[in-house]
Amino acid sequence: MLSELYQEVILDHGKKPRNFGLMEGCTHSAEGFNTLCGDRVRVFLLIVGDVVKDVRFEGEGCAICTASASLMTQMVRGKRIDEVETLFGHFQTAVTSEGADLTGLDELEALVGVRQYPNRVKCATLAWHAICAAFDSPVSQEVS
Ligand code: ZN
């Protein structure tokens, strides 16, 4: 039962990704590639202080990659940078270690099944690598 529910979350977000598209006036941006699968994700952030005020992404990827990016955008909005990094560490452990604590992952739990398929782990974590890279990649603002 549970695995069917999780499957639905991945299919839903994979087909209809949330927060998909470019962002005008973003403060930070970075791109991630997964050569194993051909996934490409670019993450756009609006960071004010140390809080993620807005997040969008674009790119092309498999259902797992797209669903993961979509779920990520829903989970990180309003969080501090260090909270996002902690959540990523937690998620990374969950998708690589059998029996990891899933508390607080919410819908990301849908993706922990990838730990049965080590070559899909990168699909599930690509957007998270991209967002952490984006934290260190401020976009230079045009001065007019
Ligand atoms: Zn993939």
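Let's start inside this predicted model, with Trp 128: its relative accessible area is 0%, so this residue is buried. Together with Phe 88 and Phe 91 it makes up one aromatic cluster.

**The aromatic pairs**

In total, the structure has three aromatic pairs. Take Phe 20 and Phe 57: their ring centres sit 5.1 Å apart and their planes meet at 85°, so this pair is edge-to-face. It joins distant parts of the chain, with Phe 20 in the loop between helix 1 (2-15) and strand 1 and Phe 57 in strand 3 (residues 51-60), 37 residues apart. Phe 57 has a relative accessible area of 2%, so it is buried.

Now back to Trp 128, which pairs with Phe 88 in a stacked arrangement, 6.0 Å from centre to centre and with 10° between the planes. This pair also links distant parts of the chain: Phe 88 belongs to helix 3 and Trp 128 to helix 4, 40 residues apart. Phe 88 is buried as well, because its relative accessible area is 9%, and buried means under 20%.

Here are those two pairs in a table:

| Pair | Centre to centre | Angle between planes | Type |
|---|---|---|---|
| Phe 20 and Phe 57 | 5.1 Å | 85° | edge-to-face |
| Phe 88 and Trp 128 | 6.0 Å | 10° | stacked |

**The zinc site**

Which residues hold the zinc ion's protein donors? They are Cys 37 (SG), Asp 39 (OD), Asp 39 (OD), Cys 62 (SG) and Cys 123 (SG), at 2.1 to 2.8 Å from the ion. Along the chain, the donors follow the spacing C-x1-D-x22-C-x60-C. Cys 37 lies in the loop between strand 1 (28-34) and strand 2 (39-48), while Cys 123 lies in helix 4 (residues 121-135), so this pair ties together parts that are 86 residues apart in sequence. Cys 123 is buried, because its relative accessibility is 0%. Cys 37, at 34%, counts as partly exposed.

**A look at Glu 85**

With a relative accessible area of 40%, Glu 85 is partly exposed. What does Glu 85 touch, leaving aside residues up to four places away in sequence? The answer is Cys 132 and Phe 135. Cys 132 is 47 residues away from Glu 85 along the chain, yet their C-alpha atoms are separated by 7.0 Å.

Key:
Residues are numbered from 1 along each chain as its sequence is written. This is a predicted model: local features need pLDDT of at least 70, side-chain atom pairs count only at pLDDT 80 or more; totals for chains, interfaces and linings use all residues. Side-chain values use heavy atoms; hydrogens and water are left out. Buried means under 20% relative accessible area, exposed over 50%, partly exposed in between (1.4 Å probe, protein chains only). Contact means heavy atoms within 4.5 Å. Donors are N, O and S atoms within 2.8 Å of the metal (3.2 Å for Na, K and Ca); water is not among the atoms, so sites may look incomplete. Helices (H or I, at least four residues) and strands (E, at least two) are DSSP runs, numbered from the N terminus. Rings of Phe, Tyr and Trp (its six-membered ring) pair if their centres lie within 6.5 Å; planes under 30 degrees apart count as stacked, over 60 as edge-to-face and the rest as tilted.
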